[in-house]
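Trainee: Could you take me through this model, one feature at a time, and show me how each should be read?

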Amino acid sequence: MTLTAPPTPASGTGEAVLSLAGIHKRFGAVQALTDVSLTVRAGEVVALVGDNGAGKSTLVKVISGVYQPDAGTIEFESRPVVVGGPAGAQELGIATVFQDLALCDNLDVVANLFLGKEHRRGPLLDEVSMEQEAWRLLRTLSAKIPSVRIPVASLSGGQRQTVAIARSLVGDPRVVLLDEPTAALGVAQTAEVLNLVERLRDHGLGVILVSHNMADVQAVADRIVVLRLGRNAAEFRTEEATTDQLVAAITGASDNVVAQRAARRTEERG
Amino acid sequence: MTATKESVAATDAADERLIRAVSPGDYLRQGWGRIRGGDLGMLPVVLGLVIICAVFYAYEPTFLSSRSLVSMLLYAAPTGIIALGIVVVLLLGEIDLSVGSVSGFCAAVMAVIVVDQGHSLWLGIAAALGVGALIGTAYAVLHVRVGVPSFVFSLAGLLAFEGALLWVLADGSINIPRESGLAQFARNKFLTDAQAYALVAVVVACYLGSRLWTIRRRRAAGLTPPNLLAVLIKAALLGGGLGWLTYYLGIARGWGYLTVLFAALVVVLDLLLRKTRWGRHLFAVGGNEEAARRAGVRVGWTYCSAFVLCSVLAALGGLLAAAQLTSVSQDSGTTDTNLTAIAAAVIGGTSLFGGRGSAYAALLGILVLQSIESGLNLMNVDSDVRYIVTGGVLLLAVTIDSVARRARSSSGRG
């Protein structure tokens, strides 16, 4: 597991793990994505923001293999790849935590973590090694789950998010894609999930964070990529972007000459 | 002092919020908490069985005589085997209403091949089970590929296979000779005392051995092992209970082969459900199909295996019922086999909503229904009362399931 390796320095000094270039995706008469590019480096959190209908979900589904792009290239660890489906994405090392978490409420934490990737001894499930590994994963995330033998239904929203994120790590991924991980959470639980995101980054994983919440994005991301109407609208380094600039890029107010100038000057200085 | 204690705590017992069970009193309190939270498990059906037995025993002491228990266990077995298949399908949140007709039709296929056409018994059994497997496959294709709800295609199957039974048995009924191997197996074969006690010893040894092995492995892995005393007590209760039952049944004819086959199927299915990847995936699909699909579970195959297993078990139950009655007639499996099997699975505590239940549900449920039937027969009550009582018990069981479900969701137990 990557997680056992010593933490690499943060903020995207590593090489590009996943890069998409010139992605086009069209649904009937709707051009959902036009010439979109996105790069994630090891040990970097890239936030993907945009208004409703900006193409975030479509891009997430292209990366996680649910949709095939009509045109464009996807490179994983500098090799061109075709993401054939959700299973293919997992095999490559791209793990996705969907917004609805996709947990089985009737199963306990261990069963959910290893669903589809159960450890076995001969024909039987190896509960002991799965439970050990579950505790190890949760500990690397410093996650607060009192017991891994309780049904997921009895966990709080933040704990369920934790389980979902821990599950994405079972296949030893290089890139974790989080779709709106803080959408339904309270203040403290949001902070806990943001801590988890930072821990993923500190362990050298590339993280793509899709979010509506500007405060969360600015708190945890290294770079912010803004999509608008299916195109790359802007890209910021977090420490250089103000909330006003972000909002302008998201809503499209930045398409006026003054805002474009301001954005260009920001980039030149950066 | 506290610090050293904390540092040696097992990995899974380290969280301070976890309520640890150390003394026997703690275990009792935790059990009580589970029940109040709606996690009833087998408790209602066990209680129900005890009450039913007590009532009938008070009225007619021969109800619990050795002879009566032996025949009750024998007659419960064929429908119980069908109910096992229903449990598997219910775990997915689906239903198979056609198990009764399938059981009758498959038994008729066997009887025609063996009795009318004079082929060997094994060929007949294989053909009947094969027909069952084909029916299950057809159901799976309808469900997975076409998307027909299981309620609809199994209702169609209920009618179609009843028709097929009439068509196969154009000349009325077929008698299965009493001396044929199958009839002997279902009616006249019993374990000797020595065999029975040896079997009990093997069962207890397997249970104890596997639990001790678990204790060792979990301790080695730094996890809380099961409580050794509790394991020993359970093993003693298991051995004592089975040993006493063996002694008591031994006063009459003892354990019938058919009863032992049913019990073995229950144990095997229970292990398959709890300890294998297949069983885990069955629960997962029943709990949240979309989540299971995204996690890489082959949902289509899971449905297919469940429907095939259900139909094959229905065929097996039908064969054994026919062997027990030494005949296949035009109303084999048509009268109340269907609903008894489904009722048994539900009464035993399998949830109709999917994702919750166990193989033992079929065993306990069929014991409840069989004791009601035998008890009312002993009291010379007509079958009209029996149907009404069975209906009442079924309604009670589903009510308990629904109330427990509400209690579970309010106490966060899923």
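Trainee: How do the residues of the lining of the second largest pocket divide into nonpolar, polar and charged?

Mentor: Bear in mind first that this is a predicted model. The lining of the second largest pocket divides into 10 nonpolar, 19 polar and 6 charged residues, and the space in that pocket comes to about 840 Å³. Of the 35 lining residues, those closest to the centre of the pocket are Tyr75(B), Gln324(B), Leu325(B), Gln370(B) and Glu373(B).

Trainee: Which helix supplies the largest share of the lining of the second largest pocket?

Mentor: That is α4(B), with 8 residues. At least two lining residues each come from α4 (66–91), α5 (99–116), α14 (299–325), α15 (337–347) and α16 (359–378) of chain B.

Trainee: What does the radius of gyration say about chain B, given its 414 residues?

Mentor: The value for chain B is 23 Å, which agrees with the radius near 22 Å that a compact globule of 414 residues would have. Along the principal axes, the C-alpha atoms of chain B fill a box of roughly 85 × 55 × 40 Å. Buried residues, meaning those under 20% relative accessible area, make up 44% of chain B, and the chain contains 17 helices and 2 strands.

Trainee: Turning to the sheets of chain A, in what order do the 4 strands of the open sheet lie, and is their pairing parallel or antiparallel?

Mentor: As a general idea, strands of a sheet pair through backbone hydrogen bonds, and they may do so either parallel or antiparallel. In chain A, the open sheet of 4 strands has the order β2-β1-β4-β5, with antiparallel pairing. Its edge strands, each of which pairs on one side only, are β2 (30–41) and β5 (79–81) of chain A, and the twist from one strand to the next averages 25°. Strand β4 (residues 71–76) of chain A is joined to β5(A) by 3 bridges, and Phe76(A) stands opposite Arg79(A) in β5(A).

Trainee: What is the order of the open sheet of 6 strands in chain A?

Mentor: That sheet runs β6-β9-β10-β3-β11-β12 in chain A, and its pairing is mixed. At the edges are β6 (94–97) and β12 (231–237) of chain A, each pairing on one side only, while the twist averages 20° from one strand to the next. For a parallel case, look at β6(A) and strand β9 (residues 175–179) of chain A, which 4 bridges join; there, Ile94(A) has Val175(A) in β9(A) as its bridge partner.

Methods
Residues numbered from 1 in each chain as written. Chains lettered and ligands numbered in written order. Predicted model: local features only at pLDDT ≥ 70, side-chain atom pairs only at ≥ 80, totals over all residues. Heavy atoms only, no water. 1 Å grid on protein atoms, 1.4 Å probe; cavity = no way out; pocket = protein on both sides within 12 Å on 5 of 7 lines; lining within 4 Å. Points joined across faces, edges and corners; volume = space filled by probe spheres on them. Nonpolar A, V, L, I, M, F, W, Y, C, P; charged D, E, K, R; others polar. Pairing = 2+ DSSP bridges. Axes fitted to C-alpha atoms, helices over the stretch in contact; angles between N-to-C directions. Rg over C-alpha atoms; globule rule 2.2 N^0.38 Å. Buried < 20%, exposed > 50% of the residue type's maximum accessible area, 1.4 Å probe, protein only.
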